[in-house]
Amino acid sequence: MLSFAFDDEQEQFRKELVAFAAKELAPHYRRRAAVAEFPWDAHRRLGDLGVLGIGIPAEYGGTGDPDPITLGMAVEALSYGDVNVGAGPIYVGLVAAQIAAHGSAEVCGEWLPRIVAGTAMVAIAVTEPAAGSDVSGLLTTARQVPGGYRISGEKIAISHAITAQAALVYAREPGSTGHQGISCFLVPLDADGVERRHMPGMGALPLGWGGLAFTDVFVPDTHLVGEPGRGFAGAMSHFDFSRPAIGLACLGAAQASIDETVEWSLQRQAFGRPIAAFQGVTFPIAEHATFLEAARWLCYRSLWTRDAGGAHTSYAAMCKWWPPQVAKDAIETAMVTFGNIGYSTESPLQQRYRDVCSYLIGDGTAGIQKRIIATSLFGRVAAS
Ligand SMILES: Cc1cc2nc3c(=O)[nH]c(=O)nc-3n(C[C@H](O)[C@H](O)[C@H](O)COP(=O)(O)OP(=O)(O)OC[C@H]3O[C@@H](n4cnc5c(N)ncnc54)[C@H](O)[C@@H]3O)c2cc1C
């Protein structure tokens with residue numbers, strides 16, 4: 001039988017998170033979103049609720065087996081109230097899961113309990129000034145020295161660069177080229193030789209976007225995450241989680257915007273009747289409701305396939321280009337339907353619009369996702 005329902009346990013957890021998002025997150029969303037300060041209080045609450053341990057081994061305080069559907073569901077429910085706080089669980093599946101799968105006992109023991117509790121954040125640092133979509137062009141080096149590695153190079157556009165305590169840094173063996181020789185390291189961001197720089201963006205300010213410079217930064221051998229030279233291979237499967245999760249974050253924010261717009265349209269009067277009486281108002285909302293519903297099930301389809309152990313890289317890429325786009329478009333229509341109030345900074349709509357726009361680029365643009373999908377359809381010829 002085909003079922004679109006969460007199981008009883010998931011549904012109960014979802015309701016708990018929906019209530020938390022409505023009561024605790026939504027009322028303070030704009031205040032939190034206006035500053036480049038990570039909302040540790042709210043993030044720790046996610047730890048208390050058990051959200052940040054989903055799929056992390058029990059010995060580190062987590063729930064045990066990977067559970068991408070519940071993790072994605074948590075992202076969606078929380079993002080309805082605050083899309084920036086709602087991004088927290090994305091890092092569980094993208095970063096913490098990577099550490100749990102490939103990190104040394106020392107790194108897991110030091111970092112996972114803190115990530116699960118919501119007292120530490122670990123960024124993921126891939127992008128460089130000359131290498132974004134094409135990660136094979138990254139230049140940061142990791143030189144092997146007695147007892148560890150020395151890392152030198154520059155990363156830019158990194159979420160949590162100014163707020164995280166550590167980062168997973170992708171760096172190559174000196175002299176290697178292309179996809180060869182790239183390893184992943186956990187680098188504490190208070191290590192000697194690390195400099196951080198804030199890059200103010202148009203939204204997602206609490207995520208502390210910025211640059212990281214590494215000058216001969218020493219990390220011990222135990223901080224290598226995964227096999228040497230295979231760091232990126234280890235990361236790729238976790239992007240197949242983060243992409244649908246990002247889609248759901250955007251859709252949660254968009255659904256909140258559409259729900260507010262329905263309520264508003266029933267109250268707001270023009271030409272002697274509620275604006276909901278005009279099909280010019282309701283039909284665009286009906287269209288966006290359709291797109292959001294379709295995009296949402298695409299994301300869950302991707303997470304379900306991941307959970308079932310099936311191939312889902314192409315679905316994940318679909319979730320990263322289309323849902324953020326339909327979410328942005330829905331929020332834009334919501335803004336216009338609210339008239340002047342929609343444009344005001346007193347409204348959460350403009351804030352959601354700016355926050356959701358960050359996901360048009362972060363974690364790979366639509367162009368790159370379509371390249372992945374096209375490659376799965378046409379083969380390597382489509383990857384040039
Ligand atoms: C808000 C935000 C958060 C981010 N967070 C992180 C983070 O935490 N960690 C991290 O490592 N990075 C992060 N990034 C960086 C992000 O992953 C890169 O910006 C993105 O991958 C694009 O790389 P680029 O900016 O260098 O653009 P480029 O690679 O220079 O691309 C420029 C344009 O060319 C297009 N293009 C390039 N090649 C192709 C192709 N083959 N086919 C079709 N189109 C192509 C792209 O789609 C894009 O539109 C973040 C970015 C943003 C905006």
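For residues 8–118, UniProt lists "domain: Acyl-CoA dehydrogenase/oxidase N-terminal" in an unreviewed entry; UniProt positions are given in the numbering used here, feature names are shortened, and annotations may be inferred rather than shown by experiment. The model is predicted: local features need pLDDT of at least 70, side-chain atom pairs count only at pLDDT 80 or more, and totals for chains, interfaces and linings use all residues. Residues are numbered from 1 along each chain as its sequence is written, and side-chain values use heavy atoms, with hydrogens and water left out.

The span 8–118 is 66% helix and 0% strand, and its end C-alpha atoms lie 26 Å apart. Helices (H or I, at least four residues) and strands (E, at least two) are DSSP runs, numbered from the N terminus. The feature "domain: Acyl-CoA oxidase/dehydrogenase middle", likewise from an unreviewed UniProt entry, is placed at residues 123–217. This span is 0% helix and 48% strand, with 17 Å between its end C-alpha atoms.

The domain assignment, an automatic or database one, gives domain 1 (8–120), domain 2 (124–229) and domain 3 (232–383). The C-alpha centres of domain 2 and domain 3 are 30 Å apart. Contact (heavy atoms within 4.5 Å) involves 10 residues of domain 2 and 9 residues of domain 3.

Helix 4 (residues 68–79) packs against helix 7 (residues 231–267) at an angle of about 25°, with the axes 7 Å apart. Helix 4 is therefore roughly parallel to helix 7. Axes are lines fitted to C-alpha atoms, for helices over the stretch in contact, and angles run from 0 to 180 degrees between N-to-C directions; those under 35 degrees count as roughly parallel and those over 145 as roughly antiparallel. The crossing of helix 4 with helix 7 is right-handed, the near helix being turned clockwise from the far one by less than a right angle. Pro68, Leu71, Gly72, Val75, Glu76 and Ser79 of helix 4 meet Phe241, Ala245, Leu248, Ala249, Gly252 and Ala253 of helix 7. By class, the residues of this contact comprise 8 nonpolar, 3 polar and 1 charged, where Ala, Val, Leu, Ile, Met, Phe, Trp, Tyr, Cys and Pro count as nonpolar, Asp, Glu, Lys and Arg as charged, and the others, Gly among them, as polar.

Key: Parallel < 35°, antiparallel > 145°, perpendicular 65-115°, else oblique.
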